[in-house]
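Work through the exercises below with the model open. Try each task before reading its solution.

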Amino acid sequence: MGLLSVSIWLPIAFGAVLLATGREDKADSARWLALVGAVLSFIVTIPLITGFDTGTAALQFSENLLWIERFNVRYHLGVDGISVWFVLLTAFITVVVVVAGWEVITERVAQYMGAFLILSGLMVGVFSAADGLLFYVFFEATLIPMYIIIGIWGGPRRVYAAFKFFLYTLAGSLLMLVALIFLYYKSGGSFDIASWHKLPLPMPAQALLFFAFFAAFSVKVPMWPVHTWLPDAHVEAPTGGSVVLAAIMLKLGAYGFLRFSMPIAPDASREYAWFIIALSLIAVVYIGLVALVQQDMKKLVAYSSIAHMGFVTLGFFVFNELGVSGGLVQMISHGFVSGAMFLAIGVLYDRVHSREIATYGGVVNTMPKFAAFALFFTMANCGLPGTGGFVGEWMVILGTVQASFWLAAIAATALIFGAAYSLWMYKRVYFGDVTNDEVRGLTDLNAREFGLMAVLAIATLWMGVYPKPFTDVMHVSVTELLKHVAMSKLVGG
Amino acid sequence: MNPMNWLVVYPEALLLLMACAVALVDLYVTDERRRPTFWLTQASLVAVAAMHLAYYQSGATAYGMQGMMVSDPMGHLLAFFATVTVIITIAYAQPYIASREMLKGEFFSLTMFVLLGICVMCSANNFLVVYLGLEIMSLSLYALVALRRDHGVSTEAAMKYFVLGALASGFLLYGLSMMYGATKSLEINEVFAAIGTGRINGTVLTFGVVFVVAGLAFKLGVVPFHMWVPDVYQGAPTAVTLLIGGAPKLAAFAITVRLLVEGMLGLAVDWQQMMVVLAVSSLVIGNLAAIAQTNLKRMLAYSTISQMGFMLLGMTAGVVSGNTLSAGNAYSSAMFYVVTYVITTLGTFGLIMFLARGGFESEEINDLAGLGKRAPWLAGIMTLFMFSLAGVPPMVGFYAKLAILQALITTNVTGYLVLAVVAVLLSLVGAFYYLRIVKVMYFDEPLAANAGRPVQGGGVSALLAVNGAAVLVFGLLPGGLMAMCRDAILRALAT
């Protein structure tokens, strides 16, 4: 069994054991078992990056077995420079989520932890699948645990949010399923993604495929105007669910653009790039403004996630290395930063049970350590140099300038809006006088929370100060991808 | 003249013999729980299943009873699945009917006759034998629906089923007689050959096909011949609902293949068009009507209608612009769909019966409220079934839908591509009501009336767990089952 298989199935196995043995009166043993599972699952992914050969764009650590003979579906796994960091990020965030739910989740603990571990394995599967159908199976299967997580441990409108999340995403991915089967037919009976990359296709077919993939991935990213499920899901989900949604699940969509849309339908991608760019800019500017007026902290961060993901898709569809690498760096750093932002909201919510900005004020007086961390992450969220948030946005803007100055100028306004909504929220929540007793009675971070915040802060800082390990790993794969996308796949062209 | 070749009908002969034996033995059984009858029935069924499996594995095609019956891998595979389905059905049903004073010897012998009819249909090679099998099955089922004699709803369901069923049998028979009139033969191979000559009166054939398709559509329960399905599913005792919703679907598929594919493939252009209409309208009406239901059994009835509609889509893609190259692919996808659907249905109704023990019914969707807390294992198993029916991977239902969509898309005809898109969009509607069941089980608080009710354990719960595991395991490794279906269909088409 290869390293990737272990990374996928180890957390799933731990999750299954938790679901099978979990009992309400043994919550503590469930917590420890989950932590052991999550940490082990993270440790087994580390060799993926230490043993990664940055000199090749080929899939590494690959495993290739026949899975379903009838349709020539293969259990084919592998990672390249584009996906390998996301495998680690997924496993890492799962550890964070398990620790974050330690004392907060008191009901059905084993099921909660089990669902997250299974979800983690499935998401690693999405990032490492090299077979179209295998990808789809993992991609869809992630919906089940997330649906349950939002529905059981969520807020008051959790049922509505869970349904909306599930049905929106399913609607998009069913169209992708049709596209996958269409490619299977066109390629003469293969679900191998790499062979699809080489498949010549006429323009109408490429356009149809492009929009089918767009349906699936734009919902997942989410892009304007199909983003409305995200604020609902984020607001209602428990803290851990929000963290995983923002840090990883959104990335599945953006990753899909790189893995499917661009290389399989390069001509259509170039033809309709203006469309994606337009939607991305709307997300960046309009959603930025929407974030400004939110009263609910989680909603604000949710909208800010959409705006940040707009940067990612913008970077991808300007088709140069700075843009694409910038998008990828942005995805990783957003994983850390948005995860931390949701954790910070969770810290406050656990104490006061309110997410309304207006309930707070002057938190810095009672929770100085926490306020410092929160300030750091807020700054990272608006792209302060020295944090991970800056590197990605800067690279995307530079990449966009190469394509068109005016596009870059519009995109750059996002930095202003980002600063505005992030800092304004910070000001209203943390600064000022203590206005009510609840804030007065707040206790500062405990050791567990402090540890979580510190780890995420170090990661964010590391990405901001020394992003080279990340970009080095991506470099060859991204140039290879762009070379491929630049070539026409039209028949006879 | 073809020889008798008794070997071909050994499984059916054994089944008939044992059905009579069970009816007789039961007269001397004094045990209240009818254990001797139960075990005798199960043992005979296991023997029958083993025989079908052995015949299937030999892979040979033989004709018997002077050409009236055929022994081929497809028939035996379907009969094997049907027998296993009935074995599981009886195991699920026994505690349920025992607690409702319906546990009489008749239940067992009638159920065996139902299976006999199904087996006869699976290996029929003659129009009259098809009809004979259909009537053996249907008449036994009518009686079983009315097993609760003093129960108004059951009796009403039985009447409705009987009257409409008789009408459908009439349709089928009328259509078959037209075919007979036009082709001068009742034997399926000869009809096929006669149509192939192209010298048959096309009008009579077309009329015949219309009636045959209508009759089959009734048995499959697809729109617009679906009116009986919700009432019968709801009205019949759940044990009998399971019997109706399980093995007979396999039989209906078998005679659809026997009559339309093996007999009338030459008329595929005509019946495929009808199938498209039946399939799409079933998907629309089944999925939309299921949303509005509050009764679980009724909801599952509408879900069945839509699932059968989805299966029929596979039947439409066999002959493309006069070319039968994709036939094996299309029909084996449909067969895989039916088999996986039956596995899932078994579990779903088995679970409803399990919850309904001790004299309570558990038929309303709200009765499942809070099951995730009351009985996490059962809720987990039900979740697997629901996601499978909704077609979410990694459950087996996904691969069934994948196979059908694949059959549609690989025809490379724009019309079929549109059909595939329509089908996935309608299955999105379907996902909603399956998700609602999961929601009720996990997100809602238990009803006060149900909160204290313990859920009993026992052998049935182990069987349920196996059934749930099957849905997941066939989902992780669907290759073997797919290959079996494909193999069976290819051999059936080759003869």
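Angles under 35 degrees count as roughly parallel, over 145 as roughly antiparallel, 65 to 115 as roughly perpendicular, and the rest as oblique. Axes are lines fitted to C-alpha atoms, for helices over the stretch in contact, and angles run from 0 to 180 degrees between N-to-C directions. Helices (H or I, at least four residues) and strands (E, at least two) are DSSP runs, numbered from the N terminus.

The model is predicted: local features need pLDDT of at least 70, side-chain atom pairs count only at pLDDT 80 or more, and totals for chains, interfaces and linings use all residues. Residues are numbered from 1 along each chain as its sequence is written, and chains are lettered from A, ligands numbered from 1, in the order in which they are written.

**Exercise 1. A helix pair in chain B**

Task: Classify the packing of α5(B) and α6(B) as roughly parallel or roughly antiparallel.

Solution: 
- Locate the helices. α5 spans residues 127–145 of chain B, and α6 spans residues 152–183 of chain B.
- Take the geometry. The axes are 9 Å apart, and the angle is about 175°.
- Apply the cut-offs. α5(B) and α6(B) are therefore roughly antiparallel.
- List contacts (C-beta atoms, placed from the backbone, within 7 Å). From α5(B) the contact includes Phe127(B), Tyr131(B) and Val145(B); from α6(B) it includes Ser154(B), Leu172(B) and Tyr180(B).
- Sort by class. Ala, Val, Leu, Ile, Met, Phe, Trp, Tyr, Cys and Pro count as nonpolar; Asp, Glu, Lys and Arg as charged; the others, Gly among them, as polar. The α5(B)–α6(B) contact has 13 nonpolar, four polar and one charged residues.

**Exercise 2. A helix pair across the chains**

Task: Describe how α6(A) and α18(B) cross.

Solution: 
- Assign the hand. A crossing is left-handed if the near helix is turned anticlockwise from the far one by less than a right angle, and right-handed if clockwise. α6(A) passes α18(B) in a right-handed crossing.
- Name the contacts. Ile148(A), Gly151(A) and Ile152(A) meet Lys439(B), Tyr442(B) and Phe443(B).
- Check burial. A residue is buried if 20 or more other C-beta atoms lie within 10 Å of its own, exposed if 12 or fewer, and partly exposed in between; C-beta atoms are placed from the backbone. In α6(A), eleven of eleven residues are buried.

**Exercise 3. The chain A side of the interface**

Task: Which element gives the largest share of the side of chain A that touches chain B?

Solution: 
- Count both sides. 29 residues of chain A are in contact with 25 residues of chain B.
- List the elements giving two or more residues. On chain A they are β1 (60–68), α5 (132–141), α6 and α7 (158–186).
- α7(A) supplies 15 residues, the largest share.
- Sort by class. This side divides into 24 nonpolar, one polar and four charged residues.

**Exercise 4. Backbone exceptions**

Task: Where do Pro225(A), Pro224(B), Phe319(A) and Asn412(B) lie?

Solution: 
- Recall the background. Most residues other than glycine have a negative phi, and most peptide bonds are trans.
- Take the cis bonds. Trp224(A) to Pro225(A) is cis, with omega near 5°; Pro225(A) is in the loop between α9 (203–220) and α10 (229–236) of chain A. Val223(B) and Pro224(B) are also joined by a cis bond, omega about 5°; Pro224(B) is in the loop between α8 (202–220) and α9 (228–235) of chain B.
- Take the positive phi values. Phe319(A) has phi near 55° and sits in the loop between α14 (297–316) and α15 (321–352) of chain A. Asn412(B) has phi near 60° and lies in the loop between α17 (396–409) and α18 of chain B.
- Phe319(A) counts as buried, with 20 C-beta neighbours inside 10 Å, whereas Asn412(B) is exposed, with 12 other C-beta atoms within 10 Å.

Key
Contact = placed C-beta atoms within 7 Å.
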